[in-house]
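Please read the following questions and answers with the sequence and the model side by side.

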Amino acid sequence: MYRRLSAILFPVMTLFFIGSIYWGYQEHQEKNSILIKAENQYQRAFHDLSYHMDQLHRELGNTLAVNSTSQAFHRKGLVNVWRLTSEAQNEINQLPLTLLPFSQTEEFLSKIANFSYKTSVRDLSKKPLSPAEFKTLKSLYQDSDDISKSLYGVQDKVIANNLRWMDVEAALATEKSTLDNTIIDGFKTVDKKVSEYPEINWGPSVASMYEKRTVKMLAGKKSTPDDIKRLAAKFLKLNDTKGIRVVENGKGTEYESYSATYQENGADNPIELDYTKRGAQLIWYQNPRTVGKAILSVDTAKQKAADFLARHGYPGMKAITYNKDDSTAVFTYITNQNGVLIYPEKLTVKIALDNGEPVSLQAADYVYEHHKRNLPKPKLMSADARAALNPDFKVKKEQMSLIKNDMGEEVLCYEFIGSINGGLYKIYVNAESGVEESIEQMPA
């Protein structure tokens, strides 16, 4: 009996054993294949980064080498600088550097990209490069050379010592900061060098992109927690401030604000309101209640949103877009000043379609951008602005708008809404120069 059982089981177990070995071998091969593919991608991205940084340095040199009046070549050179910088940024994002302090270099490249783009898109024949911008280009030329040489130094060590990027990923993932890794040390050195570069004058258009919204931008006196409780109670139509809790955010910094919470009887989550500390302006409101079955139309919800804004001190607002789901509708509003739509002053209101109650408000853009503007008069007539449009563009609506252009400057425009090629578009034509400043495709 034992012999018969052994005769049956031994071949079966042998097959299982051979199968498990083969399965393990296959798994090992597949794992190695994935690791090799990842390593090859990292190596390619790193070598491409080194190459594009060298090309960036060369392109900056070419742009500086031509005559100061060569606007056409300056535009071409700056477009190439923008393209190469974008390539370098993309390659950095492909490397396992998320846990490595490389932020100074990434920010530096971001500013180069924005500087070159914003400078190239303007009309250089009318507004050529200024002496300050030439000085900036010279600084970028020298700094990019330094970064390029540092990266090539790391690249030489990677090739000479057959270093692997997978080891970098493993070291960063396990937080072995003391690990002697040539690649990690090389990138830390590059970032440290960048942080020590002298301050560069990027110009107002680029500087404004990195300008942080702080309490210094706001008017009014600093409020107290009791002030916020009273404002929150008034907003929520409460008889007193009982049950309202206020906490201060960023105390002693440039980002001071208050968060107020109030939990209604039977509610699972509290109502939340955020206020600026200076001026006590509401920047965010959220009522996370469960919304019932929709019974209101979009038009009714829009009227509810308009009434809500009027009651809470947002005059002259106009709805420009809306999005609807099964239970709510979200409306985007902008200021209307003397018939001109002020796009920088934007806020959104979410209306519950079961009873028309506002359940959310986001007003940060409005709070930080709202002020009385001395709007210029258009230099072009409507007919002149229309002449800039594609002849096939069928205008359905026209109005005056104030938008921010690619330079971050506020410009008065004729806003034309119309159709072409089966699509609906908004086209903004500068009311002074006749240039098409922006084009947006709208939902049909």
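R289 is partly exposed, with a relative accessible area of 25%, where buried means under 20% relative accessible area, exposed means over 50%, and partly exposed lies in between (1.4 Å probe, protein chains only). This is a predicted model, in which local features need pLDDT of at least 70 and side-chain atom pairs count only at pLDDT 80 or more, while totals for chains, interfaces and linings use all residues. Residues are numbered from 1 along each chain as its sequence is written, and side-chain values use heavy atoms, with hydrogens and water left out.

Q: With which residue does R289 form a salt bridge?
A: A salt bridge is a side-chain nitrogen of Lys or Arg within 4 Å of a carboxyl oxygen of Asp or Glu. For R289 the closest N and O atoms of the pair are 3.0 Å apart, and the partner is D354.

Q: How many residues apart in sequence are the parts that R289 and D354 tie together?
A: R289 lies in the loop between strand 4 (282-286) and helix 9, and D354 lies in the loop between strand 7 and strand 8. Helices (H or I, at least four residues) and strands (E, at least two) are DSSP runs, numbered from the N terminus. Because the two residues sit in these loops, their pair ties together parts whose separation in sequence is 65 residues.

Q: Is D354 buried or exposed?
A: The relative accessible area of D354 is 16%. Since buried means under 20%, as defined above, D354 counts as buried.

Q: Which strands hold K426 and E415?
A: K426 and E415 form a salt bridge, with the closest N and O atoms 3.8 Å apart. The pair ties together parts that are 11 residues apart in sequence, because K426 lies in strand 11 (residues 423-430) and E415 in strand 10 (residues 410-420).

Q: What is the relative accessibility of E415?
A: K426 counts as buried at 5% relative accessibility. E415 also counts as buried, and its relative accessibility is 0%.

Q: In which helix do D145 and K149 both lie?
A: The side chains of D145 and K149 meet in a salt bridge (3.3 Å, N to O). D145 counts as partly exposed at 24% relative accessibility, whereas K149 is exposed, with a relative accessible area of 56%. The two residues are four apart, about one turn of the helix, and both lie in helix 4.

Q: What span is expected for helix 4?
A: The expected span of a helix is 1.5 Å times one less than its number of residues. Helix 4 (residues 131-160) has 30 residues and reaches 44 Å from its first C-alpha to its last, which is close to the expected 44 Å.

Q: Why are the buried residues of helix 9 on the same side?
A: In helix 9, V298, A301, A305, F308 and L309 are buried. The arc is that of the directions from the helix axis to the C-beta atoms. These residues lie on the same side of helix 9 because they cover an arc of only 95°.

Q: Which exposed residues does the face of helix 9 turned away from its buried side carry?
A: Helix 8 (225-235) and strand 5 (317-324) are among the elements that cover the buried residues of helix 9. The face turned away from that buried side carries the exposed residues D299, A310 and R311.

Definitions and conventions
Contact means heavy atoms within 4.5 Å.
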